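Please read the following alongside the sequence and the model. The text goes from one local feature to the next.

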Amino acid sequence: MPVELSLIATTLDYEDDGKHFGHLLVPNSNNLSAWGTLMVPVACVKNGEGPTMLLIGGNHGDEYEGQISVLKLLQRLDPAEFRGRLIAIPALNLPAARADTRISPIDNGNMNRSFPGHPRGTITQRIAHYVWAELMPRADVVVDLHSGGHSLNFVPSAVMHELDDAGMMERTAAAVKAFGAPISLMLRELDPIGMLDTAAEDMGKLFISTELGGAAMVTPETISVTDRGLDNLLKHFEMLPGRPALPNTPTRMMNTPEGAFTMSRGNGLYEPVVDLGGEVKAGDLLGRVHFLEEPERAPVPYRATVSGVLYCRRVQGWTAPGDTLAVISADL
Ligand code: CA
């Protein structure tokens, strides 16, 4: 099947040497701007021969470590000290980032469920399609920086998936380890359909994601993990000189075993009793859901079904059936 051409234009030439800033020009006809254009910033740093890394932040709008660290990286990169090519988009779902939301306020598009996108679809689908059709094919390595957004908070981690290709899996694990986050996670996705991750892996690209914190905020710790991780990845792929700077506490190689995810079964107020990063054993209490309008009713306990570390926790107090309350990671 021939690939339909993207209708998104760009002001950048990805073959130019040096450091250049430009935009993806996405047609956006709306009430305030009849012949308007959504301008999504993109940057390219290129010098000599070497791998191409596609670096994405703000795939989800309310996840800020990636957005900030990509901006900082673009400020500090000196093309003369750099080798290869970096194509970076600080906020892929820019309307969502501006609105402090996970999905786009323009079309309700969840960018990370929109891949491989569509050149004639909604704005979110068109941006996804541009990345899939125009940027991913140029890349050797694809890095998509996520955090927990408004509803989840994570122990900072670099993330990969189980892959069919053993060689690719080994190379990916080496890069994830080089990132040097507190946790290096082999994640089992709940919903891989439409993810940038899946599109990049299906294209045979070395793909790395992250979960760097969350609660729609950043902390000095999560930003420093991200800044160091990006430098480490560029060093790992020999795009910057030097060796990856590993943290004082070595990264912990973990996965999400069967039973790692705990979901809410009812409406109520969630009271977590374990701190993020806390060690838990199977059977330990993770938290309780209380019933504000039924004070006579006893709270419902939620217990760990596997042993490990509390890797991820729900942020908001209010919870509804199907919300992820907790994810436990276990040592590999
Ligand atoms: Ca995310």
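## A walk through the predicted model

With a relative accessibility of 58%, N108 counts as exposed, because the exposed class begins over 50%. The model is a predicted one. N108 is found in the loop between α2 and α3, and its phi is near 55°, a positive value in a residue other than glycine. D100 has its place in the loop between α2 and α3 as well. The phi of D100 is near 60°, again positive in a residue that is not glycine. D100 is partly exposed, at a relative accessible area of 32%.

The loop between α2 (94–99) and α3 (123–135) also holds P116. The peptide bond leading from F115 to P116 is cis, and its omega is near 5°. These backbone values deserve a remark because most residues other than glycine have a negative phi, and most peptide bonds are trans.

P95 lies in helix α2. Is P95 buried or exposed? At 6% relative accessibility P95 counts as buried, since buried means under 20%. Apart from neighbours within four places in sequence, P95 is in contact with L38, S104, P105 and I106. P95 and L332 are 237 residues apart in sequence, and their C-alpha atoms are 38 Å apart in space.

E63 lies in the loop between β4 (52–56) and α1 (64–76). When its neighbours within four places in sequence are set aside, E63 is in contact with G58, R102, H146, S147, G148 and G149.

In soluble globular proteins, nonpolar side chains tend to be buried together. In this model the largest nonpolar core has 34 residues, and M53, L55 and L86 are those with the most contacts inside it. Helix α4 gives the most to this core, with five residues. Leaving out neighbours within four places in sequence, M53 is in contact with R85, L86, I87, V141, V143, L233, L234, F237 and M239. A second, separate core has 32 residues, including V40, V131, M136 and F207.

Helix α4 also takes part in a helix pair. Two packed helices are described by the angle between their axes and the distance between the axes. Helix α4 (residues 166–179) and helix α6 (residues 220–236) pack at an angle of about 135°, and their axes are 7 Å apart. The two helices, α4 and α6, are therefore oblique to each other. On the α4 side the contact is made by A174, A175, A178 and F179. On the α6 side V225, T226, R228, G229, L230, N232, L233 and H236 take part. By type, the residues of the contact of α4 with α6 divide into seven nonpolar, four polar and one charged. L233 of α6 belongs to this helix contact and is also one of the residues in contact with M53.

The C-alpha atoms of R243 and N232 are 7.3 Å apart in space, while the residues are eleven apart in sequence. R243 is found in the loop between α6 and β11 (252–255), where it counts as exposed at 75% relative accessibility.

The last stop is L325, in strand β19 (residues 324–331). At 0% relative accessibility L325 counts as buried. Which residues are in contact with L325, leaving aside its neighbours within four places in sequence? They are T262, M263, S264, Y270, Y302, C312, R313, R314 and T319. The C-alpha atoms of L325 and Y311 are separated by 11 Å, with the two residues 14 apart along the chain.

Technical notes. Residues numbered from 1 in each chain as written. Predicted model: local features only at pLDDT ≥ 70, side-chain atom pairs only at ≥ 80, totals over all residues. Heavy atoms only, no water. Axes fitted to C-alpha atoms, helices over the stretch in contact; angles between N-to-C directions. Helix = DSSP H or I, 4+ residues; strand = E, 2+ residues; numbered from the N terminus. Parallel < 35°, antiparallel > 145°, perpendicular 65-115°, else oblique. Contact = heavy atoms within 4.5 Å. Nonpolar A, V, L, I, M, F, W, Y, C, P; charged D, E, K, R; others polar. Core = buried A, V, L, I, M, F, W, Y, C linked by side-chain atoms within 4.5 Å. Buried < 20%, exposed > 50% of the residue type's maximum accessible area, 1.4 Å probe, protein only.
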